[in-house]
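This report goes through a few local features of one structure. The sequence and the structure are shown first.

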Amino acid sequence: MTVTPRRSGRVARLQRVARRRTRTVSRRVPAPIGSRSPGQRRHTPALMSPAVQQPVVAAPADRWTRIQQAAGTLAALGTLAVIVFTWLSIQQVDNEHALTREGQVTDRYNAAVGNIGDDSLEVRLGGIYALQRIMEDSPRDQPSIVNVLSTYIRNHAKKPEQDTDGRKELTSDIKAALTALGNRNPDHDSTAFIDLDSADLQGVYLHDANLRLAYLGDADLRDADLGDADLRGANLGSADLRDANLRKADLRDANLRKADLRGADLDGADLTDAKR
């Protein structure tokens with residue numbers, strides 16, 4: 001059978017189209033059954049952007065960071081708890097120590113007061129020195145000690161019923177008690193004041209002593225050394241100050257009514273607003 005050139009050219013083109021379709025069909029990946037309805041265009045999943053993919057990738061790291069933060073918080077809370085517990089323990093120890101010290105001061109005070117009533121001069125001196133030390137260690141007890149020592153001096157240094165020209169030497173316990181009062185810190189006196197009413201204090205040495213607001217009415221202070229003493233507001237009414245040394249004494253607002261100042265040395269004394 002003779003094939004015409006026109007027919008042979010058509011056959012060749014059909015064969016090339018068939019081969020091209022065959023190659024195209026073989027490269028296409030068949031879609032899964034039931035993946036799309038007939039006539040529906042195949043949907044290609046959109047690629048996720050790096051910004052969207054980042055949380056998924058970083059999720060484990062984020063959980064680890066949170067765990068670390070929680071662990072740090074727990075550690076901080078634990079440290080805080082330890083600090084609070086330590087502080088409370090220290091406070092408790094301090095309170096116990098304070099109670100112990102207070103008990104010790106009370107015992108020392110009671111023992112000292114008992115000693116100043118002893119018949120032995122040495123024991124009385126020990127009691128006076130103990131009270132002086134307690135005033136330094138426990139300012140809160142100073143007012144009561146001022147009253148105790150003032151009473152002790154009044155009772156043991158009374159003026160004689162009949163005045164004599166003889167000079168009376170103060171005993172060592174009276175001197176010690178006066179020194180303790182004169183060297184105290186008056187800021188801790190509260191409402192207490194030195195009360196030496198009518199005491200026999202002839203020749204007493206109270207140079208530079210702090211006797212502010214002291215009551216010395218009717219006291220015998222002949223030949224007393226009160227130079228540079230702080231006697232502001234002191235009551236010296238009717239006191240015997242003959243031949244007393246009052247050089248540079250601070251007598252501002254002091255009561256000197258009816259005081260006997262014959263022979264007293266008042267050189268440089270401050271008598272501003274003193275009542276005479």
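## Helix α4

In this predicted model, helix α4 has a set of buried residues: Gln142, Pro143, Ile145, Val146, Leu149, Ser150, Tyr152 and Ile153. An α-helix has 3.6 residues a turn, so residues three or four places apart point the same way.

Helix α4 covers residues 142–156, which makes 15 residues.

## Helices α3 and α5

Two packed helices are described by the angle between their axes and the distance between the axes. For helix α3 (residues 121–137) and helix α5 (residues 172–182), the axes come within 9 Å and cross at roughly 5°. Angles under 35 degrees count as roughly parallel, and α3 and α5 are therefore roughly parallel to each other.

On the α3 side, the contact is made by Leu121, Arg124, Leu125, Ile128, Tyr129, Gln132 and Met135. They meet Ser172, Asp173, Ala176, Ala177 and Ala180 in α5. Sorted by class, this contact of α3 with α5 has 8 nonpolar, 2 polar and 2 charged residues.

## Arg242

Arg242 is found in the segment after α5. Is Arg242 buried, partly exposed or exposed? Its relative accessibility is 23%, so Arg242 counts as partly exposed; the cut-off for buried is under 20%.

The side chain of Arg242 makes a polar contact, at 2.7 Å, with the side chain of Asp240. Arg262 is 20 residues from Arg242 along the chain, and the C-alpha atoms of Arg242 and Arg262 are separated by 4.9 Å.

How values were computed
Residues numbered from 1 in each chain as written. Predicted model: local features only at pLDDT ≥ 70, side-chain atom pairs only at ≥ 80, totals over all residues. Heavy atoms only, no water. Axes fitted to C-alpha atoms, helices over the stretch in contact; angles between N-to-C directions. Helix = DSSP H or I, 4+ residues; strand = E, 2+ residues; numbered from the N terminus. Parallel < 35°, antiparallel > 145°, perpendicular 65-115°, else oblique. Contact = heavy atoms within 4.5 Å. Nonpolar A, V, L, I, M, F, W, Y, C, P; charged D, E, K, R; others polar. Expected span 1.5 Å × (residues − 1). Buried < 20%, exposed > 50% of the residue type's maximum accessible area, 1.4 Å probe, protein only. Polar contact = N/O pair within 3.5 Å; in protein donor to acceptor, adjacent residues only side chain to side chain.
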